[in-house]
Amino acid sequence: MATTRRQAATLRKKPPRALATERACTCGFLERAAAEPDIPIAFEPLVDEYDIRHIGDQPGGHSIIRYCPWCGGAAPKSKRDTLFATITRAEAERLQDLARRSRLSSKDNQPGTIVSFRTLQYTNLSATADVDFIDFGPERGVHMSMMTKYVGPRGK
Ligand SMILES: [Zn+2]
């Protein structure tokens, strides 16, 4: 059966958020599949996620399963966010102010086709953020970026 152009366009679109079900999976497919060593579905208890393990030329990755492929019910709600600290607005403003006051400057102002920027990463400036200061040189100045700090368990 041929697919019309209109049907193909509909199939490519993601379903609207309103159609995504909040109803939890009740058939147990994901749990059973994760228990089978021959099926590349696994459960990661640290984050409460089921995933499909990538195999082949580039093993090691995974794709998170949000919905049960059997009944369409929602997979458990991920706890991945609990592994990272929350940067409060006050902390972000404090770090941005620190970046504005920094006096980093580059003495390497030579023109060229390949440009590298000095990046200083600080992991102890904040309890909730790791901070990168990127020195773009005298004209563009120093920019700062923040990443939420990982607070989950270490080592495995
Ligand atoms: Zn299910």
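Student: Which elements have the lowest and the highest mean pLDDT?

Tutor: Where pLDDT is low, the predicted coordinates should not be read in detail. Here helix α1 (residues 5-12) has the lowest mean among the elements, 60, while helix α2 (residues 29-35) has the highest, 97. Over the chain the mean pLDDT is 83, with 78% of residues at 70 or more.

Student: How do I read the strand pairing, and in which sense do β1 and β2 pair?

Tutor: In a regular strand the side chains alternate between the two faces of the sheet. In this model, β1 (residues 41-44) and β2 (residues 49-53) pair in the antiparallel sense over four bridges, with A42 opposite D51. Their hairpin has four residues between the strands, and D48 there takes a positive phi near 60°. Strand β2 is also joined by four bridges to β3 (residues 62-65), again antiparallel, and Y50 stands opposite I65.

Student: Why does G137 count as partly exposed?

Tutor: Burial is judged by counting C-beta neighbours: 20 or more within 10 Å makes a residue buried, and 12 or fewer makes it exposed. G137 has 15 inside 10 Å, so it counts as partly exposed. G137 lies in the loop between β5 (129-135) and β6 (142-148), and its C-alpha atom is 8.7 Å from that of R118, 19 residues apart along the chain.

Student: What share of the chain's residues count as buried?

Tutor: Of its 156 residues, 7% do.

Conventions: Residues numbered from 1 in each chain as written. Predicted model: local features only at pLDDT ≥ 70, side-chain atom pairs only at ≥ 80, totals over all residues. pLDDT = per-residue confidence, 0-100. Helix = DSSP H or I, 4+ residues; strand = E, 2+ residues; numbered from the N terminus. Pairing = 2+ DSSP bridges.
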